[in-house]
Amino acid sequence: MSASASTDAATPIEPLVDLLAGRQQPVVLTGAGLSTGSGIPDYRDDAGDWKRQPPMQYREFVGSDLARRRYWARNMLGWTRMRAARPNAAHHALARLEAAGAVDWVIT
């Protein structure tokens, strides 16, 4: 379900629940786009290219004191945005699917 899809309380999710019924451990796989409606930016554009510096990889983080300092400095700058973020309609729809027993796992 895309973040742009209408998922307000009036939108019935029963057809999706029916589709998933009887499946063993249904999984929802999402990407960063799910949270853009909450004000959390994604990293890639429509063509899949990086919009800004790519996320730091684990190997770089553990291998360099300078990289760790840069990582934590970037996180401090971004904390205000993350702290202000609230679940959007897509998050609420996934929560309703989970509450209905239609989804066992969410991977993002």
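**Close-up views of a predicted model**

View 1. With a relative accessibility of 22%, Phe 61 counts as partly exposed, because buried would require a value under 20% and exposed a value over 50%. This residue belongs to a predicted model, and its place in that model is helix H2. Leaving aside residues up to four places away in sequence, Phe 61 touches Met 56, Arg 68, Tyr 71 and Trp 72.

**View 2. Aromatic rings around Trp 72.** The count of aromatic pairs in the model comes to four. In one of them, the ring centres of Phe 61 and Trp 72 are 6.3 Å apart and the ring planes stand at 70°, so the pair is edge-to-face. This pair links distant parts of the chain, since Phe 61 is in helix H2 (residues 58–63) and Trp 72 is in helix H3 (residues 65–84), 11 residues apart. The rings of Tyr 71 and Trp 72 also make an edge-to-face pair, because their planes are at 85°, with the centres 5.0 Å apart. Taken together, ring pairs link Phe 61, Tyr 71 and Trp 72 into a cluster. Is Trp 72 buried or exposed? At 51% relative accessibility, Trp 72 counts as exposed, whereas Tyr 71, with a relative accessible area of 31%, is partly exposed.

**View 3. Arginines over aromatic rings.** Arg 44 lies over the face of Trp 50, at 3.8 Å from the ring centre. Another arginine, Arg 52, lies over the face of Tyr 43, and here the value is 5.9 Å from the ring centre.

**View 4. The largest pocket.** The largest pocket holds about 560 Å³ of space. It is lined by 19 residues, of which Tyr 43, Arg 74, Asn 75, Gly 78 and Met 82 are the closest to its centre. By residue class, the lining of this pocket divides into 10 nonpolar, five polar and four charged residues.

**View 5. Ala 84 and Ser 38.** Ala 84 is found in helix H3, and this residue is exposed, with a relative accessible area of 54%. Although Ala 84 and Ser 38 are 46 residues apart along the chain, their C-alpha atoms are separated by 8.8 Å.

**View 6. The setting of the close-ups.** The protein has four helices and two strands, and from the N terminus on these elements run in the order α-β-α-α-α-β. Of its 108 residues, 19% count as buried. Among contacts between residues at least 6 apart in sequence, 64% join residues at least 24 apart.

Notes:
Residues numbered from 1 in each chain as written. Predicted model: local features only at pLDDT ≥ 70, side-chain atom pairs only at ≥ 80, totals over all residues. Heavy atoms only, no water. 1 Å grid on protein atoms, 1.4 Å probe; cavity = no way out; pocket = protein on both sides within 12 Å on 5 of 7 lines; lining within 4 Å. Points joined across faces, edges and corners; volume = space filled by probe spheres on them. Nonpolar A, V, L, I, M, F, W, Y, C, P; charged D, E, K, R; others polar. Phe/Tyr/Trp six-rings, centres within 6.5 Å; stacked < 30°, edge-to-face > 60°. Buried < 20%, exposed > 50% of the residue type's maximum accessible area, 1.4 Å probe, protein only. Lys NZ or Arg CZ within 6 Å of the ring centre and 35° of its normal. Contact = heavy atoms within 4.5 Å.
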